[in-house]
Amino acid sequence: MYSEKVMEHFANPRNVGEIVNADGIGEVGNAKCGDIMKMYIKVENGIITDVRFKTFGCGAAIATSSMATELVMGKTIDEALKLTNKAVVEALEGLPGEKLHCSVLAEQAIKAAISDYYERAR
Amino acid sequence: MNQRIVYADNAATTSVSGNVLKAMMPYFTEHYGNPSNKLYGQGKYASAAVENARIKTSAALGCTPEEIFFTSGGTEADNWAIRGVMSAFLQENKKHIITSVFEHHAVLNTCAELEKKGFEVTYVPVDEEGIIKLDELKKAFRDSTALCTVMFVNNEIGTVQPIKQIGEICREKGVIFHTDAVQAVGNLPIDVNVFNIDLLSLSGHKIHGPKGVGALYVRKGIVLPSLITGGAQESGKRAGTENVPGIVGLGTAIEDAASGIPERTARLEKMRDRLISELLKIPETRLNGSASHRICGNVNISFGSIEGEGIILAMDLKGIAVSSGSACTSSSLDPSHVLLAIGLPHEVAHGSLRITIGDETTNEDIDYIIETVPQVVGKLRNMSPVWKN
């Protein structure tokens, strides 16, 4: 049911963990629904120099988190804000229909972390 | 290095045994005649084989062959039993069904469908161990109750229901008693007369028979409307040319399963209990269902702070096939109705793992599962934002 790419990211997720002095932290989802994604970003001169995630959820939730971190790593904040769930799905070579919400959560988690970064910078 | 492959989802389905396959084969190629045409050899052979399978099936349940009707499986048998009884009692204006909250969807969705058509259903709750509450069941009876349907063994948590007592209560109240015994046949000794069962559903593929064949036992005297109209097959109750190889396979499978119950139970219980006690050593882990009223092959455990689909995928990467009651293994957002029914919060229900061992499971397989589960759980917990280590 999952693409090889999804299974590869599930088996070897990239950028798992936390950032102790993160510049922004975003958390979306809830345990009741079975998905929580937490993203940590480190920002220097408007560039995301590090990004880490922790996810409670299904295989698609873990794979989309992993892929989303890869897609924004080293990007400018402006570029990262343009991340779409569609881009995450494409990079994973597709997701089953009932799992598309995971890619939306991944997009939202990145954006929540950036939003937190702006809040802190204010 | 070859990875060990362990199939531990025997409550979902089982392999066709060598003995069953051997019994079936001639009915594909040699005795392929239509059982309705008994005037020549092939037809005679096929017809005799179907009747022989009926005898074997009835022997496993303690009923007569005339009380066995072959179907396409457990779901069809459940549908027929419930819809059939309710339609038969329509004239008497008996429109009430009693069932439990944690039935298989074959029963629950059939009841839900009937509710839409104006029938009334009482869903009796279960306790935290996953046993139906008999006092609540007794209170559910009405003058309009036509049918009580309660599963013999729960398919997710393996709990054995007090079928004999339910049968007695139903007999006393004059209500027809149906049980979905798909998970019980071959695991527990069954006698429909001892248990006061009026209708019983069973399936072939859970007991090393083929998929696509099952049966409904209908106590003599209960007249169900025909499920499928057409020819005279199955006493005209379920028309259509018989699935002869499938029926032969079911007959052989049920005979084999019923003959070795005590040995099988002893062997599997030992492995099951070792699995449970070892897996419960993992922190923040709980056994779902009863420790004592439990089918011999079932283990169902929840692991805090992780989600079931991830567990299944990670186990599959290690060559182990298991299942879960997590929402992500279905198309709904809710986790298993069974785990919610025994009082698990959503987040705990999401992290459940069902391991169902069977005849082909070895002690080495159990060792490998015991070795693998903590690795998988550890890896997923390290990734989980809600896990506090």
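Start by selecting B:N196, which sits in the loop between β6 (176-180) and β7 (199-203) of chain B. Keep in mind as you go that this is a predicted model. Is B:N196 buried or exposed? Its relative accessibility is 15%, and buried means under 20%, so B:N196 counts as buried. Now show what surrounds it: setting aside residues up to four places away in sequence, B:N196 touches B:G167, B:E168, B:R171, B:F177 and B:R219. Among these, pick out B:R171, whose side chain makes a polar contact with the side chain of B:N196 at 3.4 Å.

**Next stop: the loop between β8 and α8 of chain B**

Select B:T241, which has its place in the loop between β8 and α8 of chain B. Apart from neighbours within four places in sequence, B:T241 is in contact with B:N34, B:P35 and B:Q233. Zoom in on B:N34: its side chain and that of B:T241 make a polar contact of 3.4 Å. B:T241 and B:L344 are 46 Å apart in space and 103 residues apart in sequence.

Over all chains, the whole structure holds 26 salt bridges. Which residue meets B:R54 in a salt bridge? The partner is B:E234, with N and O 2.8 Å apart. This pair links distant parts of the chain: B:R54 belongs to helix α3 (residues 41-61), while B:E234 lies in the loop between β8 (214-218) and α8 (244-259), 180 residues apart. Colour the two by accessibility and you will find both B:R54 and B:E234 buried.

From there, move to B:R238, whose side chain meets that of B:E76 in a salt bridge of 2.6 Å, N to O. Here too distant parts of the chain are linked, with B:R238 in the loop between β8 and α8 and B:E76 in helix α4 (residues 74-88), 162 residues apart. B:R238 and B:E76 are both buried.

For another pair, select B:R142 and B:E120, which form a salt bridge with an N to O distance of 2.7 Å. B:R142 lies in the loop between α6 (134-139) and β5 (145-149) and B:E120 in strand β4 (residues 120-124), so this pair ties together parts that are 22 residues apart in sequence.

Now show both chains and select the contact between them. How many residues does each chain bring? Chain A gives 22 residues and chain B gives 20 residues. Between them the two chains bury about 1,800 Å², 71% of it on carbon and sulfur atoms. On the chain A side, highlight A:F10, A:K32 and A:F56: these lose the most area to chain B, together 30% of what that side buries.

To find it, select B:E309 and A:K99, whose closest N and O atoms are 2.7 Å apart.

**Last stop: α2 of chain A**

α2(A) is mostly covered, with 12 of its 14 residues buried. The buried residues include A:G59, A:I62, A:M67 and A:V72. Step past the helix to A:G74, which follows α2(A) and has a positive phi, near 80°.

To finish in chain A, select A:E8, A:R14 and A:E70, which are linked in a network of salt bridges.

Conventions:
Residues are numbered from 1 along each chain as its sequence is written. Chains are lettered from A and ligands numbered from 1 in the order in which they are written. This is a predicted model: local features need pLDDT of at least 70, side-chain atom pairs count only at pLDDT 80 or more; totals for chains, interfaces and linings use all residues. Side-chain values use heavy atoms; hydrogens and water are left out. Contact means heavy atoms within 4.5 Å. Buried area is the accessible area (1.4 Å probe) that two parts lose on being put together, summed over both. A salt bridge is a side-chain nitrogen of Lys or Arg within 4 Å of a carboxyl oxygen of Asp or Glu. Buried means under 20% relative accessible area, exposed over 50%, partly exposed in between (1.4 Å probe, protein chains only). Helices (H or I, at least four residues) and strands (E, at least two) are DSSP runs, numbered from the N terminus. A polar contact is a pair of N or O atoms within 3.5 Å; within protein, one must be able to donate a hydrogen and the other to accept it, and residues adjacent in sequence count only if both atoms are side-chain atoms.
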